[in-house]
Amino acid sequence: MQQRTKEEREQYWKEYWKNARTMADGRWGSVFMTLAKPLQSAVESKGKRHCACPVHGGTDGFRFFKDFETTGAGVCNTCGTFSDGFAILQWVNGWTAREAVEEVVEHLTGKRHGGSTTPIRREIPKIAPKPEKDNTAVRASLNKTWQRALPANAKQAEPLRMYLARRGLAKPRTTALKLHPSLAYSDGEKVTGFHPAMVAVVQAPDGSPVTIHRTYLDEDGNKASVDEAKKLMAYPEGLRLSGGAIRLAPAGRVLGVAEGIETALAAMQGMGIPVWATVNATMLQQFTPPDNTELVLVFCDKDRPSKNHPRGHGQEAAMRLVERVWAQGKKAMAITPKGEIPEGAKSLDWLDILNRDGVKGFPSYEAVRRAMVGYELRKAA
């Protein structure tokens, strides 16, 4: 039998992975129910609530994303984000990438790698068809929430101002943050209470609104005593968060990005430039800068290393964003907080720096410029 060339083998596996992804699209719930039993409760929750992490345990560290039936993607607060179902299976079962894709293909087709047919050894569980989302109701809920929210300088918005002050931040000047005086909090489908909430619109790269980010508070400006104080609202089918951000200030030639709202506000306060919040590390990695921005400064979180993110999730996401921005013909640089991660903490971010060192803990723009020149010289060498 004639041996395949290296190029032919690469093309074969490229097609194999492509076909596997196509077959699994819309069927990841079934795949997980059979190939990863520890994920059963997470599958049954349909991405609507957090469940115990299948790897390190706990009570509410893991959840699938809303589109997990299509992508298989999910996130653990400790272990990091997993971009698709194959990555999830590698993480939960300790499989290699090849083992994961071959197990999925065999599960869905009854065929092993190479095409030989074997008896299907697993019964594919029947999953109820996913009901179509009522986009009209979703849009109405988003509009109602935003319309009832109060500006940050309103008298009744004191819980928002107190919350930011407790975090060590100056009085907000941005119009992007508002206070909803009494927003429903849901655990899955059940409303369990009403709380004040800091709300902000997450916008797509073209500036169109996608959804609303909520931070639930109490009347004294503390985070509300709920399982998940920070949440994104449901958004209409067809819209995508990828590349988007919470725009805390108008973009300029130089634009900063950070994961959380509070971290972005700290960076704005520390460096005096506009900074947008991308909500999490995954969205930071996917961020698309606006056309008028020439330099992107990435204020990354310094996260502890993990099995899936050996250099820290925040640092890895920042470097991938930097690489993407340079590939798009713009300039970018990641800025990592100096110092050790405090004992018992998961990370060190720029809000920690603001509270520890004040604005002196931030680099000057001149220092950033010199570092950028040095980076360009090394890149050209």
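With which residue does Glu-262 form a salt bridge, and how far apart are the closest N and O atoms? In this predicted model, for which local features need pLDDT of at least 70, side-chain atom pairs count only at pLDDT 80 or more, and totals for chains, interfaces and linings use all residues, the partner of Glu-262 is Lys-230, with the closest N and O atoms 3.0 Å apart. Residues are numbered from 1 along each chain as its sequence is written, and side-chain values use heavy atoms, with hydrogens and water left out. A salt bridge is taken here as a side-chain nitrogen of Lys or Arg within 4 Å of a carboxyl oxygen of Asp or Glu.

With buried meaning under 20% relative accessible area, exposed over 50% and partly exposed in between (1.4 Å probe, protein chains only), Glu-262 counts as buried at 3% relative accessibility, whereas Lys-230 counts as partly exposed at 29%. The pair belongs to a network of salt bridges in which Arg-167, Lys-230 and Glu-262 are linked.

A search of the whole structure finds 9 salt bridges. Among them is that between the side chains of Glu-294 and Arg-253, which meet at 3.7 Å, N to O. This pair links distant parts of the chain, 41 residues apart, with Glu-294 in the loop between helix H10 (281-286) and strand S12 (295-299) and Arg-253 in the loop between S9 and strand S10 (254-258). Glu-294 is partly exposed, with a relative accessible area of 46%, and Arg-253 is likewise partly exposed, at 45%. A further salt bridge joins Arg-370 to Glu-366, the closest N and O atoms being 3.8 Å apart. Both Arg-370 and Glu-366 lie in helix H13 (residues 365-380), 4 residues apart, which is about one turn of the helix. An α-helix has 3.6 residues a turn, so residues three or four places apart point the same way. Glu-366 is partly exposed, with a relative accessible area of 37%.

The domain assignment of the chain gives domain 1 (6-109), domain 2 (136-235) and domain 3 (242-380), these bounds coming from an automatic or database domain assignment. The C-alpha centres of domain 1 and domain 2 lie 31 Å apart, and the contact between these two domains, defined by heavy atoms within 4.5 Å, takes 6 residues from domain 1 and 8 residues from domain 2. Domain 1 and domain 2 bury about 470 Å² between them, 38% of it on carbon and sulfur atoms, where buried area is the accessible area (1.4 Å probe) that two parts lose on being put together, summed over both. In domain 1, Lys-48, His-50 and Lys-66 lose the most area to domain 2, together 71% of what that side buries. The count of salt bridges between domain 1 and domain 2 is 0. The residues on the side of domain 1 that touches domain 2 divide into no nonpolar, 1 polar and 5 charged, where Ala, Val, Leu, Ile, Met, Phe, Trp, Tyr, Cys and Pro count as nonpolar, Asp, Glu, Lys and Arg as charged, and the others, Gly among them, as polar.

Within helix H8 (residues 158-166), the residues Pro-159, Leu-160, Arg-161, Tyr-163 and Leu-164 are buried. The buried residues of H8 pack against strand S6 (177-187), strand S7 (190-203), strand S8 (209-216), S9 and H9. Just after H8, Gly-168 takes a positive phi of about 90°. Val-279, although not a glycine, has a positive phi of about 85°; Val-279 is placed in the loop between strand S11 (275-277) and H10 and counts as partly exposed at 23% relative accessibility.

His-180 is placed in strand S6 and counts as buried at 6% relative accessibility. A polar atom of the His-180 side chain lies 3.5 Å from the backbone nitrogen of Leu-183. Leaving aside neighbours within four places in sequence, His-180 is in contact with Thr-145, Arg-148, Ala-149, His-195, Pro-196, Ala-197 and Val-199.

Note on methods. Helix = DSSP H or I, 4+ residues; strand = E, 2+ residues; numbered from the N terminus. Polar contact = N/O pair within 3.5 Å; in protein donor to acceptor, adjacent residues only side chain to side chain.
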